[in-house]
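Here is a short report on one protein model. It covers a strand pair, a pocket and a set of salt bridges.

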Amino acid sequence: MAGMDVSLKEMMSIDGTIGAAIVDHGSGMALGTLGGSKDLDLQVAAAGNTEVVKAKLRTMDSLGLKETIEDILITLGTQYHIIRPITGRGGKGLFLYLALDRSRANLALARHQLRGIEEKLEI
């Protein structure tokens with residue numbers, strides 16, 4: 001099992017990572033962050049992506065879908081943003097957020113690595 005600091009460091013080690021956060025989607029607050037830049041404020045991203053998660057959960061409820069979200073991918077011209085709700089041990093209401101430089105990242109590998117990090121994370 002890995003704690004939050006270890007998990008954030010592992011997220012930052014994924015090729016192409018710009019920034020990483022663990023976010024409470026109930027409050028929109030980032031519980032922990034690493035990386036970021038003047039162009040990527042992780043606190044703002046945490047709050048904004050909370051609204052994305054809430055909107056998707058509401059839509060799924062309206063549609064009567066009984067699925068869980070594996071991840072949400074936002075593709076920009078130069079970046080990938082991955083939102084992965086935490087489903088294990090005590091992580092309900094939290095999500096992992098990873099911003100990647102599209103020119104340096106392997107999206108499939110990043111998703112695979114993020115899944116492994118989520119499985120080991122203990123909050």
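## Strands, pocket and salt bridges

L73 stands opposite I82 in strand β4. This is a predicted model, in which local features need pLDDT of at least 70 and side-chain atom pairs count only at pLDDT 80 or more, while totals for chains, interfaces and linings use all residues. Residues are numbered from 1 along each chain as its sequence is written, and side-chain values use heavy atoms, with hydrogens and water left out.

**The strand pair.** Strands β3 (residues 72-75) and β4 (residues 79-85) run antiparallel, joined by 4 bridges. A hairpin of 3 residues connects β3 to β4. Strands pair if DSSP finds at least two bridges between them. Helices (H or I, at least four residues) and strands (E, at least two) are DSSP runs, numbered from the N terminus.

**The largest pocket.** The space in the largest pocket is about 330 Å³. Its lining has 15 residues, and L57, T68, I69, P85 and K92 are the closest to its centre. Helix α2 (residues 42-63) gives the largest share of the lining, 4 residues. By type, the lining divides into 8 nonpolar, 4 polar and 3 charged residues. Here Ala, Val, Leu, Ile, Met, Phe, Trp, Tyr, Cys and Pro count as nonpolar, Asp, Glu, Lys and Arg as charged, and the others, Gly among them, as polar. A pocket is an open set of points on a 1 Å grid over the protein atoms alone, where a 1.4 Å probe fits, with protein on both sides within 12 Å along at least five of seven lines; lining residues have an atom within 4 Å of a point. The volume is the space filled by probe spheres set on the points, which are joined across faces, edges and corners.

**The salt bridges.** The count comes to 7 salt bridges (a side-chain nitrogen of Lys or Arg within 4 Å of a carboxyl oxygen of Asp or Glu). The table lists some of them.

| Pair | Closest N and O atoms |
|---|---|
| K120 and E10 | 3.3 Å |
| E70 and R111 | 3.6 Å |
| E70 and R115 | 3.3 Å |

K120 lies in helix α3 (residues 107-120) and E10 in helix α1 (residues 4-12), so this pair ties together parts 110 residues apart in sequence. E70 sits in the loop between α2 and β3, and R115 in helix α3, so that pair links parts 45 residues apart in sequence. Salt bridges that share partners join E70, D71, R111 and R115 into one network.

How exposed is E70? At 42% relative accessibility, E70 is partly exposed (buried is under 20%, exposed over 50%, partly exposed in between, with a 1.4 Å probe and protein chains only). R111 is partly exposed at 31%, as is R115 at 27%.
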